[in-house]
Amino acid sequence: MVNDWTTIDYSPGIVEFIDSYKHEDMLQVNYPPNYILDMGWYGDKYIIYIIRDHDWDNPIFLFSAVDEKELMHIMFKCINIILNMI
């Protein structure tokens with residue numbers, strides 16, 4: 001079991017950036033043909049988005065997590081959601 005979101009296998013997604021420092025732009029993974037998994041730290045929680053067709057104003061899924069354990073669960077959930085859509 002992976003215990004650190006920075007070591008998750010995001011394939012077939014392409015990791016555009018990954019940064020474990022808590023700030024708004026921590027992770028972005030592009031999934032062909034048109035999905036993005038995006039995660040960042042916003043004050044007191046992680047926010048995780050699934051974006052389709054670069055429509056950042058209307059994410060198709062939005063999750064939040066307050067700690068790393070919850071974040072790991074949500075990251076795997078998001079990957080599975082995307083894999084079922086591509």
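Predicted model: local features only at pLDDT ≥ 70, side-chain atom pairs only at ≥ 80, totals over all residues.
Residues are numbered from 1 along each chain as its sequence is written, and side-chain values use heavy atoms, with hydrogens and water left out.

Helices (H or I, at least four residues) and strands (E, at least two) were taken as DSSP runs, numbered from the N terminus. Two strands were treated as paired if DSSP finds at least two bridges between them. On this basis, five strands form an open sheet with antiparallel pairing, in the order S1-S2-S3-S4-S5. Strand S1 (14-18) and strand S5 (61-65) each have a single partner strand and stand at the edges, so one side of each lacks a neighbour in the sheet. From one strand to the next, the twist averages 15°; axes are lines fitted to C-alpha atoms, for helices over the stretch in contact, and angles run from 0 to 180 degrees between N-to-C directions. Strand S4 (residues 45-52) runs antiparallel to S5 and is joined to it by five bridges. Ile48 has Phe63 as its bridge partner in S5.

Helix H1 (residues 68-85) lies across strand S2 (27-31), strand S3 (35-42), S4 and S5, and runs at about 165° to S5. The expected span of a helix is 1.5 Å times one less than its number of residues. For the 18 residues of H1 this gives 26 Å, which agrees with the 26 Å between its end C-alpha atoms. Burial was assigned from relative accessible area (buried under 20%, exposed over 50%, partly exposed in between; 1.4 Å probe, protein chains only). In H1, the buried residues include Leu71, Ile74, Cys78 and Ile82. The cover over the buried residues of H1 includes S2, S3, S4 and S5.

Gln28 is located in strand S2 and counts as buried, at 16% relative accessibility. With contact meaning heavy atoms within 4.5 Å, and residues up to four places away in sequence not counted, Gln28 touches several residues, among them Phe17, Leu37 and Trp56.

Rings of Phe, Tyr and Trp (its six-membered ring) pair if their centres lie within 6.5 Å; planes under 30 degrees apart count as stacked, over 60 as edge-to-face and the rest as tilted. Two aromatic pairs were found by this rule. Trp41 and Tyr46 are edge-to-face, at 4.7 Å centre to centre and 70° between the planes. The ring centres of Phe61 and Phe63 are 6.1 Å apart with planes at 5°, so this pair is stacked. Phe61 is partly exposed at 31% relative accessibility, whereas Phe63 is buried at 16%.
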